Amino acid sequence: MHSAGRSWLLLTGFILFYIIYLLFGALVFSSIERPVEDQLRNDMEALKQEFLNQSCVNAASLERFLVKVLTANKYGVSVLRNSSFTSNWDLTSSMFFANTLVTTVGYGHNTPLSDTGKAFSIAYALIGVPFTMLVLTACVQRLMYPLVVAPVGLLQRSGMEPRPATALHFLLLLVLVVLFFFLAPAAVFSTVEMTWSFLDGVYFCFISLCTIGLGDFVPGTHPTQKYRPLYQVAVMVYLFVGLMMMYLLLRTFHKMADLHGLTTFLQLPRCEESDLDEEREPIVENRSENQTPHYVTEKEASKPLEPGSQPSYNSINKG
């Protein structure tokens, strides 16, 4: 099998394993945390009835009631009647939590209730976070040629110099990312989420794709949300693709900075020159004269030549 085909096959396997890993985490989190959540919900309902049955409420009892209510609300359990119909640890919500955990977005709107869930979160993130970074890196590596190398080459073939071509390409890519991963999703979120404005949607997209994850705006948490499971899955896909495009944008800026000498000026490491390696065939030592020479990588070109292979004045064929 060709190396490019093996690379795509391996990338597909990575993505499938990533989805399976999220499903595995969702099943474990749901099985651990949902019974604890149900117990806490029942306790809060009993506490509410006990508080309402009191004939005389003093300041101390009111304060104890409020402390318990606020503590339960921190774990996503509310005493309000319209908030008690949906679980924070069903399969889809657990998968959404697992996705925010391994992508390091971590909104914090939903946290494990039990010690077992907290211990599993540590173990799950220890494997999931580096594996997610590996999958994102592999996806970006495959997108570098069609979205970065090929467009820049097209601009250069049209007559532009390398530096203006890379700058123009970066600006175009930045505009597309802002349009399709900030403004357009913000319009969708402001329409689907009843209490969100357009600015709230832009704010959520920026906070999420920068992996800040403040948690003050979290989609799909309203109890009357229509098609809530499908909506949460769509948000997970958006987060993954958005993080991938943000990484691609950073890689593109790094390559542009290399070409403009910014990384050299700041004494920063250059972006690796391995994006075209997968498109090149190995160099064959014994080839006929009518074959066109293959390109070599920068690493190969930087190697010193062996003494026998260096041309000298005496080795020139005099006609």
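What follows is a run of questions and answers about the labels used for this structure.

Me: What kind of model is this?
Reply: It is a predicted model.

Me: How many helices and strands does the protein chain have?
Reply: The protein chain has nine helices and zero strands. Its pattern along the sequence is α-α-α-α-α-α-α-α-α.

Me: What share of the protein chain counts as buried?
Reply: Of its 319 residues, 36% count as buried. The accessible surface comes to about 19600 Å². Carbon and sulfur atoms hold 66% of that surface.

Me: Which share of the contacts joins residues at least 24 apart?
Reply: Take contacts between residues at least 6 apart in sequence. Of these, 67% join residues at least 24 apart.

Me: Why is Glu-37 called buried?
Reply: Buried means under 20% relative accessible area. Glu-37 has 0%, so Glu-37 is buried.

Me: Where is Glu-37, and which residues does it touch?
Reply: Glu-37 sits in helix α1. It touches Val-77, Ser-87, Asn-88, Trp-89 and Leu-113, leaving out residues up to four places away in sequence.

Me: What makes Glu-37 and Arg-41 a salt bridge?
Reply: The cut-off is 4 Å between a side-chain nitrogen of Lys or Arg and a carboxyl oxygen of Asp or Glu. The closest N and O atoms of Glu-37 and Arg-41 are 3.1 Å apart, so the pair counts as a salt bridge. Both residues lie in helix α1, four residues apart, about one turn of the helix.

Me: Is Arg-41 buried or exposed?
Reply: Arg-41 has a relative accessible area of 15%. The limit for buried is under 20%, so Arg-41 is buried.

Me: How do you know that Asp-90 and Arg-228 form a salt bridge?
Reply: Their N to O distance is 3.9 Å. The rule asks for within 4 Å, so the pair counts as a salt bridge. This pair links distant parts of the chain, 138 residues apart. Asp-90 is in the loop between α2 (59-74) and α3, while Arg-228 is in helix α7. Both Asp-90 and Arg-228 are buried.

Me: How many salt bridges does the count come to?
Reply: The count comes to two salt bridges.

Me: How many disulfides does the structure hold?
Reply: The structure holds zero disulfides.

Me: What are Cys-205 and Cys-210 called, and why?
Reply: Cys-205 has a relative accessible area of 0%, under the 20% limit, so Cys-205 is buried. Cys-210 has 28%, between 20% and 50%, so Cys-210 is partly exposed.

Me: What is in the largest nonpolar core?
Reply: It has 51 residues. Tyr-124, Val-177 and Phe-189 have the most contacts inside it. Six helices each supply at least two of its residues: α1 (3-52), α3 (91-102), α4 (115-157), α5 (162-192), α6 (198-209) and α7 (228-259). Helix α7 gives the most, with 13 residues.

Me: Which residues does Phe-189 touch?
Reply: Phe-189 touches Trp-196, Gly-201, Phe-204, Cys-205, Pro-219, Tyr-231, Val-235 and Tyr-238, not counting residues up to four places away in sequence. There is also a second, separate core of eight residues, including Phe-51, Val-69, Val-77 and Val-79.

Me: Which residues form the nonpolar patch on the surface?
Reply: They are Leu-171, Leu-174, Leu-176, Val-178, Leu-179, Phe-180, Leu-183 and Phe-198. Together they have about 680 Å² of accessible area. Helix α5 gives the most to the patch, with seven residues.

Me: Why is Leu-134 called partly exposed?
Reply: Leu-134 has 41% relative accessibility, between 20% and 50%, so Leu-134 counts as partly exposed. Leu-134 is in helix α4.

Key:
Residues numbered from 1 in each chain as written. Predicted model: local features only at pLDDT ≥ 70, side-chain atom pairs only at ≥ 80, totals over all residues. Heavy atoms only, no water. Core = buried A, V, L, I, M, F, W, Y, C linked by side-chain atoms within 4.5 Å. Buried < 20%, exposed > 50% of the residue type's maximum accessible area, 1.4 Å probe, protein only. Contact = heavy atoms within 4.5 Å. Disulfide = S-S within 2.5 Å. Patch = residues over 30% accessible without salt bridge, like charges linked within 9 Å, V, L, I, M, F, W, Y side chains within 5 Å. Areas by Shrake-Rupley, 256 points an atom, 1.4 Å probe, with all protein chains shown as cover.
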